[in-house]
Amino acid sequence: MITLLDLFSIAAISAGTFFFFAGTVGLLRFPDSLTRLHALAKADNLGLGLVALGLLPRADSALSALKLIVIWVLVLLSGASSAQLIGRALRRGRK
Amino acid sequence: MSLLAFLDILLALLVVAVAVWTIVARDLFAAVVGYVAYGLLLAFVWIRLYAPDVALTEAAVGGGVTGVLLITAGKRLGALKNVAPEAQPGFAFRLLAGALAALVAGAIGAAILMLPEQPPSLAPEAAAAASTAGAGLGNPITAVLMSYRSFDTMLEKIVLILAVVGVWSVGSDKAWGGAPAPFRQSKPYAPMVFLAQMLAPIGVLIGIHMFWTGANAPGGAFQGGALLAAMWMVIMMARLVEPPRVDAQWLRLALVAGPAVFLISGIAGEVAAGSFFAYPPSLAKPIILLIEAFMLLSIAAALPMLVAGPPNEGPG
């Protein structure tokens with residue numbers, strides 16, 4: 001039997017997968033490194049966030065739910081920072 | 001065929017494809033990126049083979065530390081290329097190298113193909129021995145590493161120290177005792193500093209957790225140590241701290257602490273429990289945790305020193 005929570009999980013994870021897909025298409029199709037970086041960073045952060053959100057009701061305990069959120073926050077942090085670093089390396093390379 | 005089996009085959013094909021791509025990539029940096037991707041995919045393979053301990057190590061070492069090491073090595077090679085004239089090896093030499101590489105690859109492949117159906121394995125015996133010797137440890141992998149194969153585990157750590165000694169000894173005589181060159185950034189860069197300040201406390205906590213939980217669950221000193229090493233590298237890259245001088249007393253003590261405590265415990269086992277590296281059963285867990293704690297320290301000190309490279313500033 002599909003409960004409301006299951007429906008929520010399916011919807012959130014599907015939306016997350018869509019963002020991953022869109023980010024991958026952007027990575028493959030966008031013309032230069034900065035736009036590719038933009039596609040990747042935005043889509044991955046939102047995509048992973050939605051997947052984590054969809055998995056929250058399925059977590060065994062409050063602790064594993066917290067771990068999911070921590071994983072997402074860590075990926076946000078490292079993704080945003082590495083996008084900054086790659087962006088700066090690109091800008092320096094152009095000069 | 002089930003969906004999961006299909007995904008497994010896809011994963012295996014992907015690993016082979018990335019491996020081939022890494023070998024044929026002409027650009028050094030591209031090959032390193034391929035190698036890191038290969039390491040992360042391999043970590044997934046280990047997860048699928050129900051070996052989370054190996055997966056953690058592969059992700060931390062194969063994907064992380066080795067990647068940084070290779071990128072730094074690549075940068076140094078690139079800098080050298082402009083100075084030294086490049087001597088192209090002759091055709092016969094390259095043919096010989098290729099033939100030798102093919103021979104080694106062929107021998108490994110043949111050995112894998114000729115494995116007997118029931119491979120001779122010490123694993124059941126080791127697990128049985130570890131469950132008695134390492135009483136109190138819920139994680140059989142840690143128990144085997146620390147009780148059944150303790151000599152190998154200790155020698156692995158000594159190899160790490162030898163590698164650091166090797167890296168240090170490439171430095172010039174004039175620079176001896178000084179600090180390795182600062183990591184990459186010429187001056188602090190705000191996003192890097194932010195990342196280091198946010199990530200390092202969390203990473204250190206998770207590293208210590210990995211070491212502590214290794215007694216009962218996947219994890220252990222090597223995985224935790226690799227994470228601590230990565231955190232030290234991050235704060236050095238952000239220029240929040242500088243690489244230490246290679247003649248710093250505390251650094252050398254930290255490097256040898258793990259194997260030294262391991263060896264002392266082993267010799268103490270000879271006296272207290274009747275054989276080399278035997279632990280008195282009632283004290284097995286505290287002793288193992290003590291050894292692992294010092295190994296954690298040594299690994300966390302050794303890996304960044306490998307990446308930092310030889311000393312290159314004059315002493316003083």
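**Helix packing and chain contacts**

Modeller: Helix α10 (residues 249-272) of chain B packs against α11(B) at an angle of about 150 degrees, with the axes 7 Å apart. Axes are lines fitted to C-alpha atoms, for helices over the stretch in contact, and angles run from 0 to 180 degrees between N-to-C directions. Helices (H or I, at least four residues) and strands (E, at least two) are DSSP runs, numbered from the N terminus. This is a predicted model, in which local features need pLDDT of at least 70 and side-chain atom pairs count only at pLDDT 80 or more, while totals for chains, interfaces and linings use all residues. Residues are numbered from 1 along each chain as its sequence is written, and chains are lettered from A and ligands numbered from 1 in the order in which they are written.

Biologist: Is α10(B) roughly parallel or roughly antiparallel to α11(B)?

Modeller: Angles under 35 degrees count as roughly parallel, over 145 as roughly antiparallel, 65 to 115 as roughly perpendicular and the rest as oblique. The angle here is about 150 degrees, so α10(B) and α11(B) are roughly antiparallel.

Biologist: Which hand does the crossing of α10(B) and α11(B) have?

Modeller: A crossing is left-handed if the near helix is turned anticlockwise from the far one by less than a right angle, and right-handed if clockwise. By that rule the crossing of α10(B) and α11(B) is left-handed.

Biologist: How many nonpolar residues does the contact of α10(B) with α11(B) have?

Modeller: Residues are in contact if their C-beta atoms, placed from the backbone, lie within 7 Å. Those of α10(B) include B:Leu251, B:Val261 and B:Phe262, and they meet residues of α11(B), among them B:Ile287, B:Phe294 and B:Met295. Ala, Val, Leu, Ile, Met, Phe, Trp, Tyr, Cys and Pro count as nonpolar, Asp, Glu, Lys and Arg as charged, and the others, Gly among them, as polar. The contact of α10(B) with α11(B) has three polar residues, no charged ones, and a nonpolar count of 16.

Biologist: How does α7(B) run relative to α11(B), roughly parallel or roughly antiparallel?

Modeller: Helix α7 (residues 150-168) of chain B and helix α11 (residues 284-308) of chain B pack at about 30 degrees, with their axes 9 Å apart. The angle therefore makes α7(B) and α11(B) roughly parallel.

Biologist: In chain A, what is the angle between α1(A) and α2(A)?

Modeller: Helix α1 covers residues 4-29 of chain A and helix α2 covers residues 33-55, with axes 7 Å apart. Their crossing is left-handed. The angle is about 165 degrees.

Biologist: What is the radius of gyration of chain A?

Modeller: Chain A has three helices and zero strands. The globule rule, 2.2 Å times the number of residues to the power 0.38, goes with a radius taken over C-alpha atoms. For 95 residues the rule gives 12 Å, and chain A is well over that, so it is more spread out than a compact globule, with a radius of gyration of 16 Å.

Biologist: How many residues does the contact take from chain B and from chain A?

Modeller: The side of chain B that touches chain A has seven nonpolar, no polar and no charged residues. The contact takes six residues from chain A and, from chain B, seven.

Biologist: How far apart do the C-alpha centres of domain 1 and domain 2 of chain B lie?

Modeller: Domain bounds come from an automatic or database domain assignment, which gives domain 1 (1-80) and domain 2 (126-316) in chain B. The distance between their C-alpha centres is 23 Å.

Notes
Two residues are in contact if their C-beta atoms, placed from the backbone, lie within 7 Å.
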